[in-house]
Amino acid sequence: MDDTYQVIVVGGGFAGKAAAQELGRKGTRVLLIDANNYHQFQPLLYQVASSQIGVSAVARPLRAVFRNIKGVRVLTAEVTAVDAAARTVTTADGTQFQAQVLVLATGAVPNFFNTTGADKFAYPLYSVADATRLSAALTEALDEADRGNGDSPDVVVVGGGPTGVETAGALAENVKYIVPKYFSSELAARCHVHLVDMVPNVLMAFSEKSQAYTRDRLVKLGVQLHMGQSVTEVRPDGVTLADGTVLPAPIVVWAGGLQAGKIIAESGLTQGKGGRIDVLPDLTAPGVEGVYVLGDSANITDAAGARLPQLGSVAQQSGKWAAKNIHADLTGGTRQPFRYLDKGYMAMVGRGAAVAELGPQRIQLQGPLAFLSWLGVHLALLPGVQQKVRALFSWAVGYVTHSPSQVVVGRPD
Ligand SMILES: Cc1cc2nc3c(=O)[nH]c(=O)nc-3n(C[C@H](O)[C@H](O)[C@H](O)COP(=O)(O)OP(=O)(O)OC[C@H]3O[C@@H](n4cnc5c(N)ncnc54)[C@H](O)[C@@H]3O)c2cc1C
């Protein structure tokens with residue numbers, strides 16, 4: 001058992017990275033373990049899947065992130081077991097680590113809500129690996145149709161939240177601008193993008209005005225909306241809806257929901273909604289000593305007790321706040337309850353079009369101004385200078401030429 005570290009952070013996403021950075025800068029000895037050797041920026045995965053930007057724009061090596069923070073050791077390893085009560089983690093090769101404080105920030109995995117076939121045949125979009133697999137599958141479906149072998153290369157996107165809306169919008173733009181240019185107008189006319197959700201409208205967390213704008217933009221891009229319809233089955237050749245309608249499509253994208261992963265489920269902590277841990281106001285897990293659960297693995301509440309959504313800003317702020325509380329734990333200070341700075345929501349609906357509801361007052365923007373805010377915020381949040389430059393370059397080229405900047409390499413498995 002290795003107990004050289006004061007703090008173990010599992011997961012180098014928004015929450016774990018922020019926590020480790022803050023702690024490392026304070027001189028705390030931290031072991032950061034992630035299954036991948038990179039930090040991935042999930043909000044732009046749909047752009048990787050639609051070939052708008054490359055992997056190197058959304059992923060930054062964790063060792064580059066921490067190269068100047070000497071107290072943090074990055075370990076690339078999958079954590080296969082967590083014992084929250086003992087504050088130990090075990091990695092895939094059987095090594096066990098223990099520390100005074102354990103931080104669980106392993107994000108989320110797709111929740112298929114027991115939909116028949118979804119776990120086998122739908123493409124989730126929660127990791128760089130998911131995005132590249134989907135990108136390869138989309139390209140292969142087009143090539144197959146171009147060779148005259150396949151059916152129409154239609155796509156069904158399940159889930160009308162920001163991820164589903166952004167994905168459907170980007171794919172519809174590819175059908176509108178790129179398929180006619182790279183293949184033919186005839187093939188483009190055979191490509192359909194469907195967006196399905198059981199709730200009555202897209203972007204349910206947004207205002208009615210934003211929803212109406214988004215619906216209108218998606219329809220103008222050619223997206224076929226199936227709101228108020230749940231998917232009962234996913235098959236290799238499409239989906240069946242609750243009313244019996246069959247939407248044929250070789251590709252089904254799952255943006256339908258999240259839950260905490262296996263590590264959290266088997267940690268010995270009591271799970272709440274979505275399998276997440278209902279953390280206390282100071283972000284610690286109830287019933288154990290010295291365990292923090294952050295970001296998408298936790299149900300975190302604001303000062304008024306309202307549950308916060310699974311967002312990058314919540315994850316990042318929870319990471320920074322937890323670091324302050326952990327520092328207090330290690331130095332005899334007092335933990336403080338988490339205070340969330342609400343920055344609002346935004347979603348891109350295609351070229352020059354977005355919706356944004358900024359700050360706690362939900363200042364509403366639609367259209368080009370929201371699009372520019374979206375670009376600015378995402379550029380600022382990308383994890384490194386090289387990633388920002390690459391994304392900006394790809395966006396500029398894509399905007400001016402209506403061509404994807406990326407070559408898709410690989411085949412879907
Ligand atoms: C497609 C998509 C679009 C999004 N768009 C937005 C947006 O526009 N704005 C916004 O605010 N939020 C957005 N979100 C939500 C936001 O990305 C998440 O809320 C945020 O990433 C959560 O951060 P996290 O640190 O909790 O988890 P993650 O960022 O998921 O990080 C978890 C880390 O844990 C690691 N890990 C998991 N299991 C293990 C294990 N067993 N062993 C070792 N390591 C492990 C993973 O490799 C990963 O690096 C989006 C999410 C998705 C999927």
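The model is predicted, with local features requiring pLDDT of at least 70 and side-chain atom pairs counted only at pLDDT 80 or more, while totals for chains, interfaces and linings use all residues. Residues are numbered from 1 along each chain as its sequence is written, and side-chain values use heavy atoms, with hydrogens and water left out.

Helices (H or I, at least four residues) and strands (E, at least two) are DSSP runs numbered from the N terminus, and two strands are taken to pair if DSSP finds at least two bridges between them. Five strands form an open sheet with parallel pairing, in the order β5-β2-β1-β9-β21. Strands β5 (72–76) and β21 (291–293) stand at the edges with a single partner strand each, so one side of each is left without a neighbour in the sheet. On average, neighbouring strands of this sheet are turned by 15° against each other, direction ignored; axes here are lines fitted to C-alpha atoms, for helices over the stretch in contact, and angles run from 0 to 180 degrees between N-to-C directions. Within the sheet, β1 (residues 7–10) runs parallel to β2 (residues 30–34) and is joined to β2 by four bridges. Val9 stands opposite Leu32 in β2.

Helix α1 (residues 14–25) touches β1, β2 and β5, and its direction makes about 160° with that of β2. Helix α11 (residues 312–331) touches β1, β9 (101–104) and β21, and its direction makes about 175° with that of β21. The axes of α1 and α11 come within 7 Å and cross at roughly 30°. The contact involves Phe14, Ala15, Ala18, Ala19, Glu22 and Leu23 of α1, and residues of α11 including Gly312, Ala315, Lys320, Ala323 and Ile326.

Antiparallel pairing occurs elsewhere in the model. Strands β6 (residues 79–83) and β7 (residues 88–91) pair in this sense over four bridges, and the bridge partner of Asp83 in β7 is Thr88. The two strands form a hairpin with four residues between them, and Arg87 in the turn has a positive phi of about 55°.

A further open sheet has three strands in the order β15-β16-β17, with antiparallel pairing. Its edge strands, β15 (231–235) and β17 (246–248), each pair on one side only. Four bridges link β15 to β16 (residues 238–241) in the antiparallel sense, and Arg235 stands opposite Gly238 in β16.

Notes. Contact means heavy atoms within 4.5 Å.
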